[in-house]
Amino acid sequence: MLLWVILLVLAPVSGQFARTHKSIIFLQPPWTTVFQGERVNLTCKGFHLYSTQKTKWYYRYRGKEISRETQKNTLEVQESGQYGCQAQGSPLSSPVYLDFSSASLILQAPLSVFEGDSVVLRCRAKAKVTLNTTIYKNDHVLAFLNKRTDFHIPHASLKDNGAYRCTGYKETCCPVSSNTVKIQVQESFTRPVLRVSSFQPISGSPVTLTCETRLSLERSDVPLQFCFFRNDQMLGSGWSLSPKFQITAMWSKDSGSYWCKAATMDYSITSNSLRSWIQVQIPASRPVLTLSPEKALNFEGTKVTLHCETQEDSLRTLYRFYHDGVPLRHKLVRCEKGASISFSLTTEHSGNYYCTADNGHGAKPSEAVSLSVTVPVSRPVLTLSSAEDLISEGAKVTLHCEAQRGSRPIVYQFHHEDVALGNRSAHSAGGVSINFSLTAEHSGNYHCTADNGFGPQRSEAVSLSVTVPVSRPVLTLSSAEALTFEGATVTLDCEVHRGSPRILYQFYHEDVPLGSKSTPSVGKVSFSFSLTAEHSGNYYCTADNGFGPQRSEAVSLFVTVPVSRPILTLRVPRARAVVGDLLELRCEALRGSPPIMYWFYHEDVTLGSSSVPSGGEAFFNLSLTAEHSGNYSCEANNGLVAQHSDTISLSVIVPVSRPILTFRAPRAQAVVGDLLELHCEALRGSSPILYGFYHEDVTLGKISAPSGGGASFNLSLTTEHSGIYSCEADNGLEAQRSEMVTLKVAVPVSRPVLTLRAPRAQVAVGDLLELHCEALRGSPLILYRFYHEDVTLGNSSALSGGAFFNLSLTAEHSGNYCCEADNGLGAQRSETVTLYITGLTANRSGPVATGVTGGLLSLAGLAAGALLVYGWLSRKAGREPASDPCRSPSDSDSQEPTYHNVPAWEELQPVYSNEEKMWFTQKYGSSERKRNVQWPLTPGISGTRVPLSSTLK
C-alpha cells in the first residue's frame, strides 16, 4: 500500500500538468472480467503531445505494489488486480480493476457506459456448463437468452443502471450463477448552464448568451450542437456548433424566459439548461418644463407654476427642479407622467429654470426656461476711481454707474457738463463703467442716468479737477574737444517744455546721482565736470513737479583708455585637474576702454577668442583630456594696444581604469606546493599606481608601480589558498576593483591505508572479508583499486571516507593484498597486507564461485552508488556527468552483467552482512544459467520487499 501512495504523490503536479486532463486506460477486449489464462491489452491515452511515448504503469493486488515504464502506451496483462497508468505529460489515471476469474461461468461488461451507447453484456461458460442462460437485473429476471451468449442494450440511459448477472447449468449437476456486474450509465456531457452577459440590459444594448457544458474525458472527441430559446420559441436559425448566441439589441418586447439546449450531432442525447429571466430596462425620456402663466407681466408677488413631464409612465420617477443650477425641490411620483411646484415671485426669482427626471436608469435634464421679474430702476450712483493717488494729466480714470434695483436690461448714459459721453446696456447686475485718460480739458462735473423702459433716473453730480505733470525732459551733452579724453570738460543740459511749477531737476551717471537744481518755471538747467576714466557710461536726468518724476533718454559718454596687462586664471572643480573635468579659463584686463577682444592660447596655439563690449572679463571652457596638460596664456586688445598675460602651467591627471587580474602557474591545474604569480594591471591611469591583492576580501599585500606594466604578487600554494581572488588599483583619484577570479588548489592523494575486516580473529573459508582502502589526504574524486597478488580485484570511486570491497573467502584468497588511490595527480599504493585462511574443504568450487561472484557484484553495487553521487554532484555544478548513473541494465558497462529477455521476475530477497549493511539480491532464472546480483537497498524504503509481477511484460 505504501508504494501505491508514494507513486500517487510523485505523479506530476506542475502548473502545466495541473491544467491538463488525467490519463485514461482503454481495454482490448473491452471486458473487465475474463477467464484465467486469457490476456487483456491495456492502452494508456494522454492529453499532451510528446515525441516519445513513454508510459508509467502501476499495479496493486493483495498488498503487492509494482511500477514499471514502457516505451509504448500499451501493456499486456493476465493477472487480477488494480491497474493505473500515466502517459507522458498527463497526470495519473483513475485505477481500473481487472478480474481473471477461475469460475465456470462469467458475465462480461464494458469498463464504462455512457448515455446513448450500444452496450453488450456477454455470458461465457467453460466446458461442461450448459448455456440455457437467464439474465437478471437487480435479482429480477430480465431476459432468457437460451443458447445465445450476448444481451444487447441498444441505447443506454439512466434507467439501465443496476446489478446484472447470468445463470446456466452444469452437466448432470446443478445451476450455476455468474459474477455480478454493476452498470452505471454516465452522462456524455454535463447539464448545460446558460450564461448571460446582462440579466437587466438597457433598451437597445446587446446581450450575449452562452450555453456552457463539459464533455466526459472518454467522450472528449464527441461534437455537440446548441440551440437557444425565449419563452419556448427558438432563436436565430436554430441549431449551431457555436455555444454562443449574440442579440445585437434588446428591446422591451424581448424581456422573457431564456434557456438553451445541447445535443449530440444525431440528437440521440439532448439536455436542457435551467430557465433564466431577462428584464429589459427602459430609461426615462427627456422631460419638458413649462411655466404658467406664460404671457402675463411677471411683477413681484405674481404666483408662478413650474410643471415637469415625461412622455411615458414609469413605475417610479423622481423629478427635481433647478434655478440657475441650484436645486429648488424634488418630487417622487408613481405611475404618473409629471410633477409641479408653485411659488410667488420676488426679484431673486429671475433667471433660468430646468428639471430632471430619473426612473432608476440615469437622470435626464429638460431644456432651460427663462423667467424675468419686472422691477423699475432705482436712482443710480456714479463713482469715480483711479489707480493713481493724484488725479493728474495722463492718469486713467474709471466712471461707474449702477442702479441697485431694477429689471434688466438697463441702459446707462454718462455726461460731462451736460454733454453726453456715451451709453452702455447692462443685462446683469453690477452696473456699467467707462474708462479714459485725463487731459487738462477733463476738469468739470459728471453725472449718469439709468432707464429700463419705465422712466430714466439721474445720479448726483461728481466734480473732477485735473493737474498737469511735467513733460519728459531732454538731456544734451557738449564739450569743447572733439574726442573725450581724460581731463576734458563736459556740460550736461536738462530741459522740459510743459509742466506745472515748481520743477526739480536731477542728473545721474549709471543710476548714481551727480547733483540737482530747482527752477520756478519751465526752462533748462546745466551741470559741468572734468573727465576721468571712470566717467565713461550712460547719463540721464529727471524732472519732477510733485506728480512723479519724468526721466530723459540716456546719453552715452565714452572716455578712451588703453587696456592694461590682462590676468589669466584657471578654475577646475577640484584641487587637481582630472580627465573629464570642465576647465574654465578667465582673462581680465582691469583697465581699458571697451570693447575689448580677448584671445586664449595653449602652448602658443589659439584656442578661441571672445569680445567683451562693455568691459570686464572673458571666459573659455574646456572638457579636459590627457592632451590638455601644458602652458596657457591670454591676450587683451581694445584697438589701441595689445597686452599679453603671464603663462600658467596645468597638469591633467588620468584616473585608473578597472584592473585585470591574471594567474600565472607552472601547470594548467594549480597544485599544492606550486608557485602562483598574481598579476594585476590597469591599462589606463596616471602613475604612480598602488596595487592591492585580496583573497576572500582579506588583504594579501600592496605594491606600488611608479610606471606602467602593473604589479605582481607570488604565493606558494597550500590547500587554504583555494577561493576567490581580486585586486585593486588606486592612483589617488578613485580606487578600481578587478573582477573576481576563482582558484581551486588540488591536493595529490597521500599513501592509502588498507585494512581487512572479518567476523573473527582467525578467518576461515566461507567468511565475509571486507577490504577498506582510504587515503587520508587528497582532492576528490578519488579512484580506489584493490589487488590480490598484483591481480586487480575491482575499483571504486569515493568523495570521502575511502572505499570498500567484500569477499566471500575461499582457499585461493590467501596471500598478499594491497590497494591504490588516484585522483589524477599521481597514484599512491598502500603497504601490503598478508591474509592466511584456515578451515579449507575438499569441494570448493560451489561456495567459492558464489562468494567471488557475490563480492564482485557487491563492489559493482558500490561503484554504481559512487557514480550516482558523482553524477548528482556534476549536475549540481552545472555540467552533465560522463554516464547516466540511473541507466537500465541494457545500458550497463561491458564488465557488468547484462540481462535481456528474462522470462520471469522472481522475488527480491534481502541479504544482510555482519556490518549491518542491507542489500537486495535479484535472482534471474533461465534454462541455461542463473545469476545473482546485489545492490544496496535504497535508504528510506521499509524492510518489506515486493517483487515485480511477471504479468508486466
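Keep in mind that the model is predicted. Let's start with the whole chain. There are 953 residues, and 38% of them are buried. The secondary structure is three helices and 79 strands. Now the surface. The chain exposes about 51,400 Å². Carbon and sulfur atoms supply 52% of that area. And the contacts? Take those between residues at least 6 apart in sequence: 60% of them join residues at least 24 apart.

S44 covers residues 489-495, and six bridges join it to S43.

On to the aromatic rings. The count is 15 aromatic pairs. Here is one of them. Tyr-59 and Tyr-83 are 4.9 Å apart, centre to centre. Their planes are at 45°, and the pair is tilted. Tyr-59 lies in strand S4, residues 55-61, and Tyr-83 in strand S7, residues 81-87. So the pair ties together parts that are 24 residues apart in sequence. Are these two buried or exposed? Tyr-59 has 0% relative accessibility, so it counts as buried. Tyr-83 has 2%, so it counts as buried too.

Now a second pair, Tyr-322 and Tyr-354. The ring centres are 4.8 Å apart and the planes are at 10°, so this pair is stacked. Tyr-322 sits in strand S29, residues 317-323. Tyr-354 sits in strand S32, residues 351-358. This pair therefore ties together parts that are 32 residues apart in sequence. Tyr-322 is buried, at 14% relative accessibility. Tyr-354 is partly exposed, at 25%.

Rings also form a cluster. Ring pairs link Phe-507, Phe-527, Phe-529 and Tyr-539.

Last, charges over rings. The charged end of Arg-165 sits over the ring of Tyr-136, 4.4 Å from the ring centre. Arg-829 lies over the face of Tyr-787. There the distance to the ring centre is 4.2 Å.

Notes. Residues are numbered from 1 along each chain as its sequence is written. This is a predicted model: local features need pLDDT of at least 70, side-chain atom pairs count only at pLDDT 80 or more; totals for chains, interfaces and linings use all residues. Side-chain values use heavy atoms; hydrogens and water are left out. Helices (H or I, at least four residues) and strands (E, at least two) are DSSP runs, numbered from the N terminus. Buried means under 20% relative accessible area, exposed over 50%, partly exposed in between (1.4 Å probe, protein chains only). Contact means heavy atoms within 4.5 Å. Accessible areas come from the Shrake-Rupley method with a 1.4 Å probe; for residues, only the protein chains shown count as cover. Two strands pair if DSSP finds at least two bridges between them. Rings of Phe, Tyr and Trp (its six-membered ring) pair if their centres lie within 6.5 Å; planes under 30 degrees apart count as stacked, over 60 as edge-to-face and the rest as tilted. A charge sits over a ring if NZ of Lys or CZ of Arg is within 6 Å of the ring centre and within 35 degrees of the ring normal.
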